[in-house]
Every structure is written in C-alpha cells, then in structure tokens.
Amino acid sequence: MVLIDSSDSMNLVLPVAKAAARRLLSVLGPGDRAEVAQFSRRLTVRQDFTSDRRALDAAVEAIQIDGATALYDALYVSLKDLVARRRNGELERR
C-alpha cells in the first residue's frame, strides 16, 4: 500500500511525494500488487490493489491537497484493511 499525505502541510512537497511513489511502484515485480491511498481529514483509496501500473500511476497523479492531517486515523484504517485482506497460508510481501 502506498499511502500519501494530501494535507495542507504537503502543499509545497506533494510533487516530490508523488515522484517518490511512482519510483516505488516502478520496482514492483510482475506478480506484485499495490494499492494507492491518500489521507488528510480521512483516508481515500484512489486505486484498490492491482498489478496494473497505469492505473496505479493515474491514482498517484489524481491526488490533490485536501485539508488537515489525520495521520493516525489513516494508519489505523490502512493496517486494519491489510489484516482483513490476508488469506490463510498465502505469502505476501508487506
């Protein structure tokens, strides 16, 4: 999961964060899946788990500045979602 802060505090550095996210996504292997989400006042999933690089890149580009930061809420929701998606016996990199 790529989680990007889209709060007002990121106004000047959001382009740098987006570039870093694209670099991270570019090194995923053919069978790897990723999700792109942004958080400010709340968590918003821009692209659910997929191996489609174009969809992931488009999701990163769609992120825009949107209000105050709720970092701990976003982390809690993200981690809870990852645990819920886990399948017994299936190996995944986290």
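This report covers a few strands, a loop residue and a surface patch in a predicted model.

Residues are numbered from 1 along each chain as its sequence is written, and side-chain values use heavy atoms, with hydrogens and water left out. Local features need pLDDT of at least 70, side-chain atom pairs count only at pLDDT 80 or more, and totals for chains, interfaces and linings use all residues.

**The strands**

Helices (H or I, at least four residues) and strands (E, at least two) are DSSP runs, numbered from the N terminus. Two strands pair if DSSP finds at least two bridges between them. Strand β2 spans residues 34-39 and pairs with β1 in the parallel sense, over four bridges. The chain goes from β1 through α1 to β2 in a right-handed β-α-β crossover. Right-handed means that, with the strands pointing away from the viewer, the path from the first strand over the helix to the second runs clockwise.

On to β3. This strand (residues 43-50) runs antiparallel to β2, and five bridges join them. The link is a hairpin through three residues. Some bridge partners of these strands are listed here.

| Residue | Partner | Strand of partner |
|---|---|---|
| D5 | F39 | β2 |
| A37 | V45 | β3 |

How many residues of β2 are buried? Six of the six are, so β2 is largely enclosed by the rest of the structure. Buried means under 20% relative accessible area, exposed over 50%, and partly exposed in between (1.4 Å probe, protein chains only). Both faces are covered: A34, V36 and Q38 are buried on one side, and E35, A37 and F39 on the other.

**The loop residue S7**

S7 sits in the loop between β1 (2-5) and α1 (14-26). S7 counts as buried because its relative accessibility is 1%. Its side chain makes a polar contact with the side chain of S9, at 2.9 Å. Such a contact is a pair of N or O atoms within 3.5 Å; within protein, one must be able to donate a hydrogen and the other to accept it, and residues adjacent in sequence count only if both atoms are side-chain atoms.

**A partly exposed helix residue**

L71 lies in helix α3 (residues 71-85). L71 has a relative accessible area of 35%, so this residue is partly exposed. L71 also belongs to a nonpolar surface patch with Y72, L75 and L79.

Definitions and conventions
Patch = residues over 30% accessible without salt bridge, like charges linked within 9 Å, V, L, I, M, F, W, Y side chains within 5 Å. Areas by Shrake-Rupley, 256 points an atom, 1.4 Å probe, with all protein chains shown as cover. Salt bridge = Lys/Arg side-chain N within 4 Å of Asp/Glu carboxyl O.
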